[in-house]
Each structure stands twice: as C-alpha cells, then as structure tokens.
Amino acid sequence: MTALSVSTSSAVSLRADAVVVGVAKGPKGLVVAPGAEAVVEAFEGKLAEVLTTLGATGAEGEAVKLPAPAGAKAPLVLAVGLGAAPEGAFGAEELRRAAGVAARTLAGTKKVALALPATAADEVEAVALGGLLGAYSFGSYKGEVAKAPVAELVVLVERKGSKDAKTAVERAAAIGEEMNRARDLINTAPNDLNPKSFAAIAQAAGKEHGLKVEVLDEKALAKGGFGGILGVGVGSANPPRLVKVAYTHPKAKASLAFVGKGITYDSGGISLKPAGHNETMKCDMSGAAAVFAAVVAAKRLGLQVNVTAWLALAENMPSGSATRPGDVLRMYGGKTVEVLNTDAEGRLVLADAIVRAGEEQPDVIVDVATLTGAMVLALGTRTFGVMANDEALRTRLHETAGAVGEASWPMPLPADLRKGMVESTVADLANMGERMGGGLVAGLFLQEFVAEGLSWAHLDIAGPAFNEGGPHGYTPKGGTASAVRTLVRFAEDTAAGK
C-alpha cells in the first residue's frame, strides 16, 4: 500500500527517488506551475526551456522525465501536464489528475516528492488523493508484478499551514484507501468473491473499524420474506446475503442509508447474456463496493452523521433451480413482481434492500448500482445518471458529484414510462417496461419500493464503474470506485447541516 506524508522541505533538498513538478500550457508556450520554484532555480531558470526542447507542451496527461540538476537530492524530475494555465489557481480535479498520472508513471519508484501547486488544504488533499489513486495497482493473481506501486508519496507544502496540510493528507488517505479497497473488490475474480466471502470481508472491516455489521444468510432471507434477493440468487451454488454495515455518531442529527447492488457475477440467469457481454460481469457488485467503502470512510473521518450501508449480494446464474422468465416473486414488504427478464436482476435485489432500509426511517436513501446498459448508451462510460423522487435532492447530488470531480447528469423519472411496468396481468409489477428509456424505467421500478415520505435517489454507475479502456488521470483500468467520493461528500455536507 502506498504511504502518504507531508514535508516542508525544499523540492531539491528532500531525499527522494523522483520529484514531480507541474507544467501548463500558457499563452506563449509551456509554463512551470507554482510549487516548483526550487527546481526552476536549480535549473538556473531554464526548466521551461529544457522541457520545451524535449517536446513538452503542458497538456493534461503529459509526463516528461529528465535528469535532475546538480545539487538536487532526487536524481529524476518528472514534469506532468496540468492543461491550460488558468488565470487563478489550478482546480482540484486538475491537481488530482496530474498527481495520478505522476504516480502511475513512476511505478517501481520507492519515494516520490510531489511539488505541485498546492497551498490551500483542499489543494493538498487533491494532490494526495490523486497520487494515492493513481498509484493503485491490482496484482493479486500475477506471480510477478512488473513494477510495484510507488511506496511513498510526499506532498511538499509551505511551512505556514503545514498542520492543515497534514490533516488534509490524512483525510485523503482515509478516502483513497477505502476507494482502493472498493477497487480491489471489483477486480477480484468472481470465483473468489461471492456473496458469502463479500459478507465476511464486511464483517472483518466492521471489526477493524468499530462498525456494526449484520448478515442475513439464505435462511434468514427466506424467513424474512426477501423474495427479490432470493429470487436472483436461487440459481447459484453460492447463496445470497443481505449485509447491513452501520456507523453511528453520538452527536449525529441526521441519518443516511446507502443501498448498493452487489451482484458478484451476472450471467444474466436464464435470460443469458451473449458472448461479449459477460466477460466483465464481476463488476456488477460495484454499487455494493461503493456504499461499503463510503460507510467505512465516514467512520474513519469521524463524520457527525449516522450512515448505514446495505449490501444486496447475490450471484445471478442459470440452473435447474434458477428463476425463470414468467415467475412471480413476492418481494420484501409484500409487493409481487413478474419476472420478464432474469437479466434485469439488479432492481430486484435493490428493491428488497430499499424497503428494508426505509424501515429505519433515514433522512435520505441513496442507492448505487451498475443497473442498466441503457444509461451507458445515454451518458457514455465516464458519467453516471442521477434520479430522485425529490428534485432538490437530485440537484444536490449532481452538484456534489461535480464538486469532488465525478461526472454525473440529472435524469428524469417520466410518469408515462411507468405504464409498461404496472400492466402485468399476474402481479403488481413487471421487472421490465418499455424498451426505450430503459435506464429511466429501472429508476421508476425502484421508486415503487420507496416508502411514502422518504427522500430517495438512484445513481446508475453502469458507465464509469469499470474502465475497460486504458488508464487516465488517477483512474486505472478495471474497477474505479465510482460514486464513493460523491457519497462521502454528501455525508459530510449532511453532517454540516447543508
């Protein structure tokens, strides 16, 4: 695991294996960003000229290595692009991405000093978090990892404000380490991560951090009438689980429920996915990983708000015992659902968990799920959709996501799309509706299970949850831990009474 620390040492006097400086695209060419003054001086004021000669432009994502000048304690300088130079300070997201690129580029290095433009606490946090996320690597199944992640990242700050900087780095570590835990879960092979083993991981984390964890196994689910979770998991040799992970603060004035879809592998069930659509379906538990990471981070940060994560865990497999298209499930709470497509399973496990979460009367319920391919078609692979039964809540979550650097877009819940779901001739609802607007139909289905008077929102992270392309910024290939930062900031703002 990559360690984070803060230092007030000069970029040229700190003993490290590499020092990172920021560069940007100015109106007349490359400019060196603040924070690198000592390095510029060591290059006798010619650092920008040298980098330009090497072809550097300052473009976002660019990384150029060059030998450090005489007198520097680090042998290597890495100039990382921040994009266009702003009139004022660089934004937090630019800093996160640059630090992430630097950490990934310097994999195999033991100690790296980050001399990026970070003066205020939020800028220091952005650099530290971006570096920690960028350093992430998943190598559990490889006998030999080509390059180990950077062992230590040192954020260089001014002596004035160093106490706040240390707090900011500790905060970045709490969030970043839990995001990387979520990424590990998402990347773990489905033959190793199933509902039972996921529940055991949650129990271990609960013991480590002082969280209350309750696990309902298949017998308890049957006794409780959780027909949605059971209906999805009945075809698998690995039975389902509903896991409650609760963090309470003695001074909390509000409570939040985060509900996560946790399909540890989704074959589609009897409505089997075609080849080309099931190879990455280990990631269908990304929502559960996100809410799990968020509640642990909330505990580590000591937020004055009660947060409960509900992990609806099942494996969706075809077999002689699997739910068939045409079967009717009696959900937790009593509603009946006609299953028209067993590959629309996420909404079934979520529905049970939403009803159960609602029984505790939280102030807000937010569910997170890799729910529909329709949302990917609508918003692409880097943006998640936000739906809610409360427009103010939808707006707040959208703005919260933007504030922490996560791309999202508010989506509607059109009443006319509800018609197709409620026209089942044998049940209260069908788990499918109109084909067009499928992401919205899924949201409307979930809304049917939200108790009257409760504020609820739905984040469909099907696009950004799993990166099948190349790494970029602080985002690796594979699991991304999408929505974790949004949930944590939402909890923080709630604790602050916002």
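Let's start at Leu-311. Leu-311 touches Phe-198, Ala-202, Arg-241, Leu-242, Val-243, Gly-260, Ala-288, Val-291 and Phe-292, leaving aside residues up to four places away in sequence. Contact here means heavy atoms within 4.5 Å.

A word on the source. This is a predicted model, where local features need pLDDT of at least 70, side-chain atom pairs count only at pLDDT 80 or more, and totals for chains, interfaces and linings use all residues. Residues are numbered from 1 along each chain as its sequence is written, and side-chain values use heavy atoms, with hydrogens and water left out.

Now the core. The largest nonpolar core has 95 residues, and Leu-311, Val-366 and Leu-459 touch the most other members. Helix H9, residues 286-301, gives the largest share, 11 residues. Such a core is a set of buried Ala, Val, Leu, Ile, Met, Phe, Trp, Tyr and Cys residues joined through side-chain atoms within 4.5 Å. Buried means under 20% relative accessible area, exposed over 50%, partly exposed in between, with a 1.4 Å probe and protein chains only. Helices are DSSP runs of H or I, at least four residues, and strands are runs of E, at least two, numbered from the N terminus.

On to charges. The structure holds 22 salt bridges. Each is a side-chain nitrogen of Lys or Arg within 4 Å of a carboxyl oxygen of Asp or Glu.

Take Glu-345 and Lys-261. Their salt bridge is 3.4 Å, N to O. Glu-345 sits in the loop between strand E13 and helix H10, Lys-261 in strand E10, 84 residues apart. Both are buried.

Last, Arg-181 and Glu-178. Their closest N and O atoms are 2.7 Å apart. Glu-178 is buried, at 2% relative accessibility.
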